[in-house]
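Subject: Structure for your review

Dear colleague,

Please find below the structure that I am handing over to you. My notes on what was found in it follow.

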Amino acid sequence: MLATSRVPGGGGGGGSKKRKSKNVVPDTCRDCGADTFVDDSASGDLICTNCGLVKEGNRVDESAEWRSFEDDKGSKERAGPAGNPLLEDGGIDTSVSIQLQPGMLHLARAQGSLKDPNKRLKQGFQAITEMCNNLRLANTVKDRACEIFSKAEKHLKERKLHEACAACIYVACRIEKCPRTFKEITAVSKDTHMVIIMRCFKVIVNKLGIRHNEMETVKPSDYIDRFSKSLEISQAGTRLAKHMAKIASDKGHSKLWDGKSPISIAGGILMYVTQISKDDTFIHINTISSHTGASTSAIRSALTTIQQEAKSLIPDWWDTITVKQEA
């Protein structure tokens, strides 16, 4: 007798019909039968390399959020901004937003009453960033000022925020060898006075134990270039002023300037240049005073000393330029 065989999927008594599972993507292309696909991460499509059929679309990218390179070493964090070591807990704390809906007002009041330990520091960092941008200072000065503010904030709680931040910027400029005058820093601060900033500066230096050798000594040559551009002094006049300021900043000539600030000396040098340079005679002493921050009396006092030492301050090449100006 011949054994009868059952046809798969037939209607026999013990046979069961084969069913396809839902939501299961086949491993091969349904058109060409190829099993090689390309994952287009930009569009989220899985494309067949042989015929170009889109096997699966709108796929969710579950890979890491960062770019991975073979030579990279060390652990990587998946999400979140970079931590700030100057803030408590790295500044990565979170807060839940509560919408003002009926029955939720008491939760909103409770959240508003919570004190953020980093609130004043964050406000100070923001103020320092704005002031440094207005002064066109480098990021190294801004970072130094933020570091000083985080250490000195507990000693300046009685002062206004902008007063403390302005003093920190002044110290940072001195340390990073790009000094700015108190008047320049006061001009970009809000609701404060130059005398208050000076007092905050003394508190920071005393409380943090900053030595004077850590802060770069302010010299007249540190201001000449910036003041000359602000006053629009000619190229020859700027060159002469830089030469005179370099000699005046020498320690060997320091005795001549006893009792005079570097800003006053710089103002006196610029005033003397405007007197001997025919291209810059239009600049008045009041204009120099407003741009440098030195008083007119201090500029005249420094000018007297410069006139007495003119022979040692003026270079030989200036006579050649003077002849060309007269011609």
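Is R144 buried, partly exposed or exposed? R144 is partly exposed, with a relative accessible area of 31%; the scale used here calls a residue buried under 20% relative accessible area, exposed over 50%, and partly exposed in between, with a 1.4 Å probe and protein chains only.

Two remarks on the basis of these values come first. This is a predicted model, in which local features need pLDDT of at least 70 and side-chain atom pairs count only at pLDDT 80 or more, while totals for chains, interfaces and linings use all residues. Residues are numbered from 1 along each chain as its sequence is written, and side-chain values use heavy atoms, with hydrogens and water left out.

Salt bridges

A search of the whole structure finds 5 salt bridges, a salt bridge being a side-chain nitrogen of Lys or Arg within 4 Å of a carboxyl oxygen of Asp or Glu. In one of them, R144 meets E176 at 3.0 Å, N to O. Because E176 lies in the loop between α4 and α5 and R144 in helix α3, this pair ties together parts that are 32 residues apart in sequence. Helices are DSSP runs of H or I with at least four residues, strands are runs of E with at least two, and both are numbered from the N terminus. E176 is partly exposed as well, at 27%.

Another salt bridge joins K151 and E147, whose closest N and O atoms are 3.4 Å apart. These two residues are 4 residues apart in helix α3, which amounts to about one helical turn. A further salt bridge links R226 and E184 at 3.0 Å, N to O. Here R226 belongs to helix α7 and E184 to helix α5, so parts that are 42 residues apart in sequence are tied together.

R180 has no such partner. It is buried yet has no salt bridge, and the nearest side chain of opposite charge, E184, is 4.7 Å away; in this count Lys and Arg are positive, Asp and Glu are negative, and His and the chain ends are not counted. The loop between α4 and α5 holds R180.

Nonpolar cores

The largest nonpolar core has 36 residues, of which I128, F149, I169, F201 and I204 touch the most other members. Such a core is a set of buried Ala, Val, Leu, Ile, Met, Phe, Trp, Tyr and Cys residues joined through side-chain atoms within 4.5 Å. Helix α4 gives the largest share of this core, 11 residues. A second, separate core of 33 residues includes I224, I247, V273 and I288.

Aromatic pairs

The whole structure holds 6 aromatic pairs. Rings of Phe, Tyr and Trp (its six-membered ring) pair if their centres lie within 6.5 Å; planes under 30 degrees apart count as stacked, over 60 as edge-to-face and the rest as tilted. F182 and F201 form an edge-to-face pair, with 6.0 Å centre to centre and 70 degrees between the planes. F182 lies in helix α5 and F201 in helix α6, so the pair ties together parts that are 19 residues apart in sequence. F182 is buried at 13% relative accessibility, and F201 is buried at 14%. Together with Y170, F182 and F201 form one aromatic cluster.

The rings of Y223 and F227 are stacked, because their centres are 5.6 Å apart and their planes at 10 degrees. Both Y223 and F227 are buried.

Yours sincerely,
A colleague
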